[in-house]
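Student: I would like to go through the labels used for this model and see what each one rests on.
Tutor: Pick a label, and we will set the value against the cut-off.

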Amino acid sequence: MFGPNTHLSTTSKIEYSHRDTEFTTLHRSLTNTFINKFNLSDYDVLFIPGSGTIGIESVFWSLKKRINVIGYDGIFTKRWEKLSELYSPYNRSNYNNKPVSLYCQLETSVNHRFEKEGCIVDAISSFPYYDIPKDTKIFVTCSNKQLGALPGLSIVCVRKDYWSELEKDDVFSY
């Protein structure tokens, strides 16, 4: 297993599956704790198996709008620009084509912080160290940055009034 640390060792033993009541109880508890701890009552919290990049990709794939990448020029901004080019043909033309902006709040490759209200935020390296800007539509973080955990749990927070901008079709949406 690939981990963020060369010294990581784990003795985890999984006693139940995602279909069991124990998982449902744990998931509900984790979601409520996350919402309460970080004051996210305006957001629905989704835990997606995968890295932070998978979380960002799920937003690109699920959004009805084109994404315009803004912010400081760095590794992650360039990565999201390439992803935007890749997914732009899949953004359905029969929807509102006014793009929404996405940026990397903390572009670690150039050590710069960027913020703008009303956007989608890559908060993978910044949350919870920096506040999420007002009117953020969606933000993405991941467990391994905050917990030093194994990569594998992306956290996507969708503002409750923004769901209409996401595909509901199983083919186009995570």
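Student: What makes the pair Glu165 and Lys65 a salt bridge?
Tutor: In this predicted model, the N to O distance between their side chains is 3.8 Å. The cut-off is 4 Å between a side-chain nitrogen of Lys or Arg and a carboxyl oxygen of Asp or Glu, so the pair counts. It links distant parts of the chain, 100 residues apart: Glu165 is in the segment after β8, and Lys65 is in the loop between α2 and β2.

Student: Why is Lys65 called buried?
Tutor: Its relative accessibility is 9%, and buried means under 20%, so Lys65 falls in that class.

Student: Why is Asp73 called exposed, and why is Lys78 called partly exposed?
Tutor: Exposed means over 50%, and partly exposed lies between that and the buried class. Asp73 has 52%, so it counts as exposed; Lys78 has 39%, so it counts as partly exposed. Their side chains meet in a salt bridge at 2.7 Å, N to O.

Student: How do you know that Gln105 makes a polar contact with Ser126?
Tutor: The two side chains come to 2.5 Å, and the limit for N or O atoms is 3.5 Å, with one able to donate a hydrogen and the other to accept it. Gln105 lies in the loop between β3 and β4.

Student: Why does Gln105 count as buried?
Tutor: Its relative accessibility is 0%, and the buried class is under 20%, so the label applies. Beyond its neighbours within four places in sequence, the residues in contact with Gln105 include Phe114, Val121 and Tyr130.

Technical notes:
Residues numbered from 1 in each chain as written. Predicted model: local features only at pLDDT ≥ 70, side-chain atom pairs only at ≥ 80, totals over all residues. Heavy atoms only, no water. Helix = DSSP H or I, 4+ residues; strand = E, 2+ residues; numbered from the N terminus. Buried < 20%, exposed > 50% of the residue type's maximum accessible area, 1.4 Å probe, protein only. Contact = heavy atoms within 4.5 Å.
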